[in-house]
Amino acid sequence: MYQENITALKKDAPIGVFDSGIGGLTVAREIMRQIPNEKIIYFGDTARMPYGSKSKETVTGFSKQIVRFLETFQVKTIVVACNTASAYALDELEKELDIPIIGVIKPGAKTAAEVTRNGRIGVIATEATIGSQMYNKYIQELNKNVTIYGKACPLFVPLVEEGLWEDPVTDEIARRYLTELIDIDIDTLILGCTHYPLIRSTVGRIMGDQVTLVNPAYETARELKELLQQYNILNEEEPHLGENKYQFYVSDGAEKFKRFANSIIKYGILSAKTIKIDEY
């Protein structure tokens with residue numbers, strides 16, 4: 001698909017990562033951990049979030065603008081670090097791009113299909129991701145003998161963004177959301193929103209040790225590394241000393257974004273710049 005243009009891509013070119021806001025930072029964090037030599041251009045659409053309550057057409061339009069912005073940095077690949085944008089826009093973006101692009105749904109679906117023992121898989125996500133049925137589609141393409149149970153958990157996102165990762169309020173809300181999934185005896189649970197890995201310990205405690213949690217952020221970084229190796233564009237050299245390895249851009253609220261980002265990424269986010277995404 002990309003073979004004609006792939007030879008022109010440089011190993012030391014950055015990777016573009018985008019999300020509706022801050023949740024995709026969990027994906028960026030995993031890329032930093034697993035592929036430490038790679039440079040990242042991150043964009044968070046903080047002015048227009050959340051995407052989870054918007055239409056497919058709107059999310060696709062926003063995603064195309066963001067991709068055009070990322071392309072100005074001559075990125076070698078793009079990661080759609082947002083479940084809603086992965087569900088709604090990825091297929092259309094793939095048609096228009098001449099560089100590799102991956103989302104967060106397929107990697108998580110693949111792992112869930114592989115690790116389930118009793119064929120009962122739960123997915124917790126935004127209403128848009130659950131409504132899209134994309135996890136169901138990909139899982140059942142890989143394993144037809146599974147049953148998928150989706151559960152929208154809209155309050156998790158604001159709780160995470162308020163920093164209430166370990167808090168009685170989050171425990172109570174999680175218990176209410178997850179009880180029905182415990183009752184139907186799932187053995188695998190996909191954290192189908194990029195915010196959710198930040199409350200992984202809470203979800204794991206409530207679900208119990210018998211349930212395997214699948215973190216698509218982790219799985220996406222792993223798949224990204226394989227993709228870079230496949231196309232021979234994995235950066236094997238460390239960036240030069242003083243080089244701006246990670247750059248962060250947002251559509252609004254740069255200071256708030258920077259504070260949140262520094263709370264979850266321990267690699268020193270020196271700045272976050274606001275850009276006018278509507279101009280792209």
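Cys82 lies in the loop between strand 3 and helix 4 (83-96). Helices (H or I, at least four residues) and strands (E, at least two) are DSSP runs, numbered from the N terminus. This is a predicted model, with residues numbered from 1 along each chain as its sequence is written. Local features need pLDDT of at least 70, side-chain atom pairs count only at pLDDT 80 or more, totals for chains, interfaces and linings use all residues, and side-chain values use heavy atoms, with hydrogens and water left out.

Cys82 is buried, with a relative accessible area of 4%. Buried means under 20% relative accessible area, exposed over 50%, partly exposed in between (1.4 Å probe, protein chains only). Leaving aside residues up to four places away in sequence, Cys82 touches Phe18, Asp19, Ser20, Tyr51, Val104 and Thr194. Touching here is contact, meaning heavy atoms within 4.5 Å.

Now turn to Cys193. It sits in the loop between strand 7 (188-191) and helix 10 (200-207). Cys193 is buried too, at 6% relative accessible area.

The UniProt annotation "active site", from an unreviewed entry, covers Cys82 and Cys193. They span 112 residues in sequence, yet no two of their C-alpha atoms are more than 7.2 Å apart, so they gather at one spot. Both Cys82 and Cys193 are in the lining of the largest pocket. On a 1 Å grid over the protein atoms alone, a pocket is an open set of points where a 1.4 Å probe fits, with protein on both sides within 12 Å along at least five of seven lines; lining residues have an atom within 4 Å of a point. UniProt positions follow the numbering used here, feature names are shortened, and annotations may be inferred rather than shown by experiment.

Asp19 is found in strand 1. Its relative accessible area is 2%, so Asp19 is buried. The side chain of Asp19 reaches the backbone nitrogen of Gly24 at 2.9 Å. Thr194 has a side-chain polar atom 3.4 Å from that backbone nitrogen of Gly24. Asp19 and Thr194 also touch each other.

In it, 6 strands form an open sheet in the order 4-3-1-2-9-10, with parallel pairing. Two strands pair if DSSP finds at least two bridges between them. Strand 1 (residues 15-19) pairs with strand 2 (residues 40-44) over 5 bridges.

Definitions and conventions: Polar contact = N/O pair within 3.5 Å; in protein donor to acceptor, adjacent residues only side chain to side chain.
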